[in-house]
Amino acid sequence: MRRSWIALSLLVLLLSGCGYNTLQTADEQIKSAWSEVLNQYQRRADLVPNLVETVKAFATQEREVFTRVTEARARVGSIQATPELVDNPEAFAKFQAAQGELAGALSRLLVVAENYPQLKSDANFRDLQAQLEGTENRIAVARNRYIKAVQDYNVTVRSFPSNLTAMVFGFKTKPNFTVENEREIGKAPKVDFGKK
Amino acid sequence: MKLFLLALGLAWAQVAVPPLTGRVVDQTGTLTREQHAGLERTLQEFEARKGSQLAVLLVPTTAPEPIEQFALRVAEQWKIGRKKVDDGAILVVAKDDRALRIEVGYGLEGVLNDATAKRIVSDVIVPRFREGEFYVGINAGLDRMMRVIDGEPLPAPAKSQPGAQGETFQMLPVLLILALVGGSILRAVLGRFLGAAATGGVVGFVAWTLAGAIAMAALAGALAFFFTLMGGGAGRRYGGFPGMYGGGGTFGGGGASGRW
């Protein structure tokens, strides 16, 4: 009896000393950082219909731009953005590409909006634009925090002695946002209304 | 490795976040002393009344970072707003960049949402800044922000509870710092052992007069003795008392920016 207690406490000591708890904590941090990223992407997607409607009212003939935004929005919506997405590099890349496409389509939409002075001074449009800008900023923040969380985790998974623990318990390194995607998605649709 | 070096390079290039020396931190010398004090008082009263912390930061430039990134770093470092309530907001002005931003804590995102923040920036502040009226613009902007936040039901501000017991305990940190400072001086003057003994004696006496319990006083004296004896270069740790502490509020990039 006594021996089993000693063995148990030894095991506990061993586990906490070899990074098991650190791995768990880091893993959990990634999850919460990732759900914040998803949350903000969702917020952007939710803004799209309203934005398209508002621009449509002033810029009827820009059909091609509207279709592109609507399609990109639909593609983003069709991907099951579950927390488990993080563990599947392929699905992760696909998700990234879809979000990047939506970002691109939205920035085109705002460039087009530049040509319509009436639209630019519309209070509703200005509010929507402020919301979109804010959301793009939140996405950038959430992505940065996610990148940091994954870095911390991956370092733990790779460094000794926690890499042994990671191997035993099947913790694998996680995919992160790559630099190419960073450039593509990180381009926030920015239109300066302050001047002129 | 490359990425690490890149990150390191970026970290060097960034403008350092100035310390939170008060509710209004002006690194550009734009505000006069009276204006500075006036804003400080307004914000202090607002916090006492509503509980929400607001702060203002004026810097010359945030380059190479955009103001959004800089403002978030300021927010993450200052931690304006109450913990868990996250009801802080910071007005950041980069004077030479002609850019400003209202950074909004999580708890205020509902009432001071992006659209509202943007309106305050572009309708209230920017027109004044264009005319070079920085104080007027900041004052009007803060005024509008406070009126907006007043519409949000936030938890009441914590009241400080004065009491005999509370006061003694409030004295403890002061006593500790006095012991540390006094100890290092005495050590420098009298030498290590004598200085430590003197500090222990003084602290023990002070603790005795404050708390009245001889056992506790002896303990405090002994602790001070050992701290001073062991203490090395404790002289670099303290840098004056900041007049303001961030309450632990968190930010997620909400708010709005503008240029003039």
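This is a predicted model: local features need pLDDT of at least 70, side-chain atom pairs count only at pLDDT 80 or more; totals for chains, interfaces and linings use all residues.
Helices (DSSP runs of H or I, at least four residues) and strands (runs of E, at least two) are numbered from the N terminus. Residues are numbered from 1 along each chain as its sequence is written, while chains are lettered from A and ligands numbered from 1 in the order in which they are written.

**Exercise 1. Find the element that holds Val181(B), and decide whether this residue is buried, partly exposed or exposed.**

Step 1: Look along chain B, and you'll find Val181(B) in helix H6 (residues 164-190).

Step 2: Val181(B) has 15 C-beta neighbours inside 10 Å, so it counts as partly exposed.

Step 3: For a sense of distance, take Gly132(B), 49 residues away along the chain: its C-alpha atom and that of Val181(B) are separated by 46 Å.

**Exercise 2. Describe the surroundings of Ala59(A).**

Step 1: Ala59(A) sits in the loop between H2 and H3 of chain A.

Step 2: Its count is 18 C-beta neighbours inside 10 Å, which means Ala59(A) is partly exposed.

Step 3: Two residues are in contact if their C-beta atoms, placed from the backbone, lie within 7 Å. Skip residues up to four places away in sequence, and Ala59(A) touches Val112(A), Ala113(A), Tyr116(A) and Leu119(A).

Step 4: Pick Tyr116(A) from that list: it is 57 residues from Ala59(A) in sequence, yet the C-alpha atoms are 7.1 Å apart.

**Exercise 3. Work out how H2(A) and H3(A) pack.**

Step 1: Axes are lines fitted to C-alpha atoms, for helices over the stretch in contact, and angles run from 0 to 180 degrees between N-to-C directions. Helix H2 (residues 20-58) and helix H3 (residues 63-78) of chain A pack at about 165°, and their axes are 10 Å apart.

Step 2: Angles under 35 degrees count as roughly parallel, over 145 as roughly antiparallel, 65 to 115 as roughly perpendicular and the rest as oblique. H2(A) and H3(A) are therefore roughly antiparallel.

Step 3: H2(A) contributes Ala45(A), Val48(A), Val52(A) and Lys56(A) to the contact, and among the partners from H3(A) are Phe66(A) and Val69(A).

Step 4: Sort the residues by class: Ala, Val, Leu, Ile, Met, Phe, Trp, Tyr, Cys and Pro are nonpolar, Asp, Glu, Lys and Arg charged, and the others, Gly among them, polar. You get six nonpolar, two polar and two charged for this contact.

**Exercise 4. Do the packing analysis again for H4(B) and H5(B).**

Step 1: Helix H4 (residues 114-130) and helix H5 (residues 134-150) of chain B pack at about 160°, with axes 8 Å apart.

Step 2: So H4(B) and H5(B) are roughly antiparallel too.

Step 3: Residues making this contact include Ile120(B) and Val124(B) of H4(B), and Ala140(B) and Met145(B) of H5(B).

Step 4: The classes come out as nine nonpolar, three polar and two charged.

**Exercise 5. Sum up chain A.**

Step 1: Chain A has eight helices and zero strands.

Step 2: Of its 196 residues, 30% are buried.

Step 3: Take the contacts in chain A between residues at least 6 apart in sequence: 81% of them join residues at least 24 apart.

Step 4: Now turn to chain B: eleven residues from chain A and 15 residues from chain B take part in the contact. The chain A side has three nonpolar, four polar and four charged residues.

Note on methods. A residue is buried if 20 or more other C-beta atoms lie within 10 Å of its own, exposed if 12 or fewer, and partly exposed in between; C-beta atoms are placed from the backbone.
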